[in-house]
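Subject: Structure for your review

Dear colleague,

Please find the structure below, together with its sequence. My notes on what was found in it follow.

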Amino acid sequence: MIKNFPSNVNIHLNYGTLTTCDADWKAYDIVCSFHKLYFVISGNCVIETGGRKFVGEKDDLFFIPANTKHSYYQEDENFVTKHWIHFTFEANSNDPFKSLNNIPIKVKVDQPKNMEKMFHIAYSKAETMSEL
């Protein structure tokens, strides 16, 4: 249970699904108005931002804050399969992630089955997920 979680939380899921990407999955120097979560199931991918290159591999979770200039692409033919969600988040009419611009967060998930369950729960929710 999360203690001291802000009231009036609004999470809007723009898009999300499980996808196996191909060589056409790429974009360079883009800025999105929404946050991104990528959870790598297999294969690999590259996320670049702020002059830094991050290679995503199995069980890596990426958080790319809104308004962060970034690139993503496949570096080889070991195409990535990933859960992904694009979303906006407000708590008490503010976006608590706003100060994280240009900082992609990459972590290795130590309980990947639980993370996959979380993505499936998110996919099953309607446009606004206020129960989280």
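I begin with H70, which is placed in strand β7 (residues 70-73). Helices (H or I, at least four residues) and strands (E, at least two) are DSSP runs, numbered from the N terminus. Please note that this is a predicted model, in which local features need pLDDT of at least 70 and side-chain atom pairs count only at pLDDT 80 or more, while totals for chains, interfaces and linings use all residues. Residues are numbered from 1 along each chain as its sequence is written, and side-chain values use heavy atoms, with hydrogens and water left out.

H70 has a relative accessibility of 2% and therefore counts as buried (buried means under 20% relative accessible area, exposed over 50%, and partly exposed in between, with a 1.4 Å probe and protein chains only). Its side chain reaches the backbone oxygen of T68 at 2.7 Å. This is a polar contact, that is, a pair of N or O atoms within 3.5 Å; within protein, one must be able to donate a hydrogen and the other to accept it, and residues adjacent in sequence count only if both atoms are side-chain atoms. If neighbours within four places in sequence are set aside, H70 is in contact with Y28, D29, I30, C32, K36, E48, T49 and I64, where contact means heavy atoms within 4.5 Å.

D76 is found in the loop between β7 and β8 (81-91). Its relative accessible area is 37%, so D76 is partly exposed. A polar atom of the D76 side chain lies 2.8 Å from the backbone nitrogen of N78. D76 and A23 are 53 residues apart along the chain, and their C-alpha atoms are separated by 8.1 Å.

I turn next to the charged pairs. How many salt bridges does a search of the whole structure find? The search finds four, a salt bridge being a side-chain nitrogen of Lys or Arg within 4 Å of a carboxyl oxygen of Asp or Glu.

Three of the residues concerned, D60, K106 and K108, are linked in a network of salt bridges. Between K106 and D60, the closest N and O atoms are 3.4 Å apart. Because K106 lies in strand β9 (residues 105-108) and D60 in strand β6 (residues 60-64), this pair ties together parts that are 46 residues apart in sequence. D60 also forms a salt bridge with K108, with the closest N and O atoms 2.9 Å apart. That pair likewise links distant parts of the chain, since D60 is in strand β6 and K108 in strand β9, 48 residues apart. D60 is buried at 2% relative accessibility, K106 is partly exposed at 34%, and K108 is exposed at 52%.

Another salt bridge joins the side chains of D59 and K58 (3.7 Å, N to O). Here D59 is buried at 16% relative accessibility, whereas K58 is partly exposed at 49%.

Finally, the chain as a whole. It has one helix and nine strands, arranged along the sequence as β-β-β-β-β-β-β-β-β-α. Of its 132 residues, 39% are buried. Among contacts between residues at least 6 apart in sequence, 80% join residues at least 24 apart. The accessible surface of the chain comes to about 7,900 Å², and 51% of that surface belongs to carbon and sulfur atoms; accessible areas come from the Shrake-Rupley method with a 1.4 Å probe, and for residues only the protein chains shown count as cover.

With kind regards
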